Amino acid sequence: MSAGILFGIGVGPGDPDLLTMKAIKTIQRVDTIIAPRTEKKDDSLALKIVEPYLKSDVEIVYQTFPMVKNFSESAIETWESNRREILDRIQSGKNVAFLTLGDPMFFSTFIYIFERLKSEIKIETIPGVPAFLAIASQIGRPVVFGDDILSIIPATAPESKIDQALKNSDTAVIMK
């Protein structure tokens, strides 16, 4: 039996109509869906977004991911347990989709799983619409134009780094 594939699927900013066709087609053919949630919630927003596209026999696996800036030993153990659970399914031949809000390679929970598994299994990522681009479209405001400089800044960055980025940018997006 050959190993399955892990798909990191960006489900966009919350509107099921903003999923890509590739995301929908992949969701409809995988064996297992990893539905991430925080320790504060019992459900998964990412799963709710894709519900209209789920096949009836797909296995749903809820995994809790700690939302912390500095990882404690407990948080690291949780990440490792999640990694092993995904790896077991992949090695048994299942194709697994890990759902993530926005895009899988952009400030995403998926990145932590990707980094822990990329040398062990085949992984494909399917981009999603980032929230800041959906917002710009909804309000009718271009994010950048011509030779504008765009900075995307984590709100958790030190204030001095945020100030420096703002000084060097025509447009800034502050996230997280």
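**Entry 1: overall build**

I began with burial: 41% of the 176 residues in the protein chain are buried. I call a residue buried under 20% relative accessible area, exposed over 50%, and partly exposed in between (1.4 Å probe, protein chains only). I note that this is a predicted model: local features need pLDDT of at least 70, side-chain atom pairs count only at pLDDT 80 or more, and totals for chains, interfaces and linings use all residues. Residues are numbered from 1 along each chain as its sequence is written, and side-chain values use heavy atoms, with hydrogens and water left out.

I then went through the secondary structure. The protein chain has six helices and seven strands. Helices (H or I, at least four residues) and strands (E, at least two) are DSSP runs, numbered from the N terminus. From the N terminus on, I read the order β-α-β-α-β-α-β-α-β-α-β-α-β. The radius of gyration is 18 Å, close to the 16 Å that the globule rule gives for 176 residues, so the protein chain is as compact as a globular protein of that length. That radius is taken over C-alpha atoms, and the rule is 2.2 Å times the number of residues to the power 0.38.

Along the principal axes, the C-alpha atoms fill a box of roughly 55 × 40 × 30 Å. I also looked up contacts, meaning heavy atoms within 4.5 Å. Of the contacts with a separation of 6 or more, 67% join residues 24 or more positions apart.

**Entry 2: the cores**

I searched for nonpolar cores: sets of buried Ala, Val, Leu, Ile, Met, Phe, Trp, Tyr and Cys residues joined through side-chain atoms within 4.5 Å. The largest has 20 residues, and those with the most contacts inside it are Ile9, Val11, Leu19, Ile33, Val50 and Leu99. At least two residues each come from strand E1 (5-10), helix H1 (21-27), strand E2 (32-37), helix H2 (45-50) and strand E4 (96-100). H2 gives the largest share of this core, four residues. A second, separate core holds 16 residues, including Val61, Ile86, Phe98 and Phe110.

Which residues does Leu99 touch, not counting residues up to four places away in sequence? I find Ile9, Val11, Ile27, Ile33, Ile34, Pro36, Ala46, Leu47 and Val50.

I checked Asn82, which is found in helix H3 (residues 73-91). Asn82 is buried, with a relative accessible area of 6%. Leaving aside neighbours within four places in sequence, Asn82 is in contact with Gln63, Thr64, Phe65 and Ile113.

Next I took Ala134, placed in helix H5 (residues 131-139). Ala134 is buried at 17% relative accessible area. With residues up to four places away in sequence not counted, Ala134 touches Pro13, Leu18 and Val129. Ala134 and Ala155 are 21 residues apart in sequence, and I get 19 Å between them in space, C-alpha to C-alpha.

**Entry 3: salt bridges**

Side chains of opposite charge can pair when their charged atoms come close. My criterion for a salt bridge is a side-chain nitrogen of Lys or Arg within 4 Å of a carboxyl oxygen of Asp or Glu. The structure holds nine salt bridges.

I looked at Arg89 and Glu59 first. Their closest N and O atoms are 2.9 Å apart. Arg89 lies in helix H3 and Glu59 in strand E3 (residues 59-64), so the pair ties together parts that are 30 residues apart in sequence. Are Arg89 and Glu59 buried or partly exposed? Arg89 is buried, with a relative accessible area of 17%. Glu59 counts as partly exposed at 25%. I also see Glu59, Glu85, Arg89 and Lys94 linked in a network of salt bridges.

Glu115 pairs with Lys118, with the closest N and O atoms 3.0 Å apart. Glu115 is partly exposed at 44% relative accessible area, and Lys118 is partly exposed at 45%. Glu124 and Lys122 meet in a salt bridge at 3.6 Å, N to O. Glu124 is partly exposed at 25%, and Lys122 at 48%.

**Entry 4: the surface**

I finished with the surface. The protein chain exposes about 10,100 Å², and carbon and sulfur atoms supply 52% of it. Accessible areas come from the Shrake-Rupley method with a 1.4 Å probe; for residues, only the protein chains shown count as cover.

I found a nonpolar patch of about 270 Å², made by Phe107, Val144, Leu150 and Ile152. Patches are made of residues with over 30% relative accessible area and no salt bridge; like charges are joined within 9 Å, nonpolar side chains (Val, Leu, Ile, Met, Phe, Trp, Tyr) within 5 Å. Leu150 is found in strand E6 (residues 150-154). At 32% relative accessibility, I log Leu150 as partly exposed.
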